[in-house]
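Here is a walk through one protein model. Keep the structure in view as you read.

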Amino acid sequence: MEVKGTTFEYRTPEEVRAWFYRAKARIAAREEEIRAMYKEEQRMKAERKHVYDLESV
């Protein structure tokens, strides 16, 4: 039984770099989204705390 070819497609170095750059961009975008959500959550907490402080006066 002879092997006629491989089951894997070999990528060129340019394709590999492009894949890594796209992955890096996806990760950076997700981190930015998470950072924005965290800032919004912190703003809402501060606002809620401010409302509670005013109610206790």
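The text below goes from aromatic rings to a surface patch and then to charged pairs.

This is a predicted model. Start with the rings. The structure has one aromatic pair. Its partners are Trp19 and Phe20. A pair of aromatic rings is described by the distance of the centres and the angle of the planes.

Val16 belongs to helix α1, which covers residues 13-55. Val16 has a relative accessible area of 34%, so Val16 is partly exposed. Trp19 is partly exposed too, at 45%.

Now turn to the charges. There are four salt bridges in the structure. One of them links Arg30 and Glu33, with the closest N and O atoms 2.8 Å apart. These two residues are three apart in helix α1, so about one helical turn separates Arg30 from Glu33. Arg30 is partly exposed, with 43% relative accessibility. Glu33 is partly exposed at 42%.

Glu32 and Arg35 form another salt bridge, at 3.2 Å from N to O. They too sit three residues apart in helix α1, about one turn.

Further along, Glu40 and Arg43 form a salt bridge at 2.5 Å, N to O. About one helical turn lies between Glu40 and Arg43, because they are three residues apart in helix α1. Shared partners tie Glu40, Arg43 and Glu47 into one network of salt bridges.

Conventions. Residues are numbered from 1 along each chain as its sequence is written. This is a predicted model: local features need pLDDT of at least 70, side-chain atom pairs count only at pLDDT 80 or more; totals for chains, interfaces and linings use all residues. Side-chain values use heavy atoms; hydrogens and water are left out. Rings of Phe, Tyr and Trp (its six-membered ring) pair if their centres lie within 6.5 Å; planes under 30 degrees apart count as stacked, over 60 as edge-to-face and the rest as tilted. Buried means under 20% relative accessible area, exposed over 50%, partly exposed in between (1.4 Å probe, protein chains only). Helices (H or I, at least four residues) and strands (E, at least two) are DSSP runs, numbered from the N terminus. A salt bridge is a side-chain nitrogen of Lys or Arg within 4 Å of a carboxyl oxygen of Asp or Glu.
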